[in-house]
Amino acid sequence: MPPNALASTHEVAKRAIRQPTDSPARATIISRVPAESTDSLFERVAWLYAFCRERLFRDDTERIIAALWQNQTPPSGIKVVELGCGPGFYSRKLARRFPQIAVTGVDRSESQLRSARQRAAAQNVNNCAFERVNALALPSADASFDILIASRILTVLPDHDRAVAEMFRVLKSGGRCFIAEPRHAFWASIPLTAMWLLASVSHSGNGYREPRKATVLTTHAFSSLFRQLPWKSVRIWQDGRYQYALCEKS
């Protein structure tokens with residue numbers, strides 16, 4: 001691999017997420033950080049969510065690799081985006097495992113992204129970038145990415161249909177997405193509950209944009225969410241407390 005290969009993949013990742021769309025109408029609705037939010041639990045108690053993501057949540061790295069690449073090495077130069085990356089758990093792990101790919105992690109929380117960048121720098125992972133954007137309005141052109149991954153993102157997003165439509169839009173033809181979501185509201189809500197409690201004790205602010213309880217979809221609703229779009233293939237399965245979707249775009 002040439003000496004500048006890692007730097008090049010890093011730049012590819014940043015360009016992919018920043019590329020504007022051709023439609024002026026669309027450009028008016030894809031602002032980086034929508035004005036509707038005034039405060040966020042993921043900013044106020046960022047360390048608690050990072051701890052949950054790093055230490056408590058299931059690590060699906062091997063499932064992602066097995067589902068997307070059948071445990072083989074992914075092709076050089078492919079572009080991967082992680083929606084709702086938080087502290088960059090999967091972005092860093094995939095980028096570190098496969099230095100020939102370009103990974104972009106996106107999230108609305110600058111505190112989470114700051115943590116992601118610090119962790120990536122500490123591990124000398126140079127082929128991933130982190131950008132502050134809204135997963136419901138990605139500032140990327142159609143067909144920008146080969147692979148999309150997201151974990152637990154639907155638990156807090158207000159518009160699931162729009163989220164999946166954005167996933168479909170930014171994937172290239174033949175591109176695939178891997179989505180992991182919890183199946184049980186009680187377990188899925190523990191991080192949110194803890195964050196609400198800590199924020200209420202340590203900060204005077206209120207009116208955080210996150211819900212007090214995680215949204216958990218039934219198996220039927222989860223499957224229907226993906227099957228309403230013209231994917232080439234959709235695979236839905238359950239494993240313990242999680243459910244998964246693997247979709248390929250025509």
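Here are some friendly questions and answers about the predicted model shown above.

Residues are numbered from 1 along each chain as its sequence is written. In this predicted model, local features need pLDDT of at least 70, side-chain atom pairs count only at pLDDT 80 or more, totals for chains, interfaces and linings use all residues, and side-chain values use heavy atoms, with hydrogens and water left out.

User: How many helices and strands does the protein have?
Analyst: Let's start with the two kinds of element. Helices (H or I, at least four residues) and strands (E, at least two) are DSSP runs, numbered from the N terminus. By that rule, the protein has seven strands and 10 helices.

User: What percentage of the 250 residues count as buried?
Analyst: Buried means under 20% relative accessible area, exposed over 50%, and partly exposed in between (1.4 Å probe, protein chains only). Among the 250 residues, the buried share is 52%.

User: Is L83 buried or exposed?
Analyst: L83 sits in strand β1, which covers residues 79-83. Contact means heavy atoms within 4.5 Å, and beyond its neighbours within four places in sequence, L83 touches residues including V106, A135, L148 and M167. With a relative accessibility of 1%, L83 is buried.

User: How far apart in space are L83 and G105?
Analyst: Along the sequence, L83 and G105 are 22 residues apart. In space, C-alpha to C-alpha, the distance is 6.3 Å.

User: At what angle do α5 and α6 pack?
Analyst: Helix α5 spans residues 61-69 and helix α6 spans residues 89-97, with their axes 11 Å apart. The contact includes I65 and W69 of α5 and F89 and L94 of α6. Axes are lines fitted to C-alpha atoms, for helices over the stretch in contact, and angles run from 0 to 180 degrees between N-to-C directions. On that scale, the angle is about 60 degrees.
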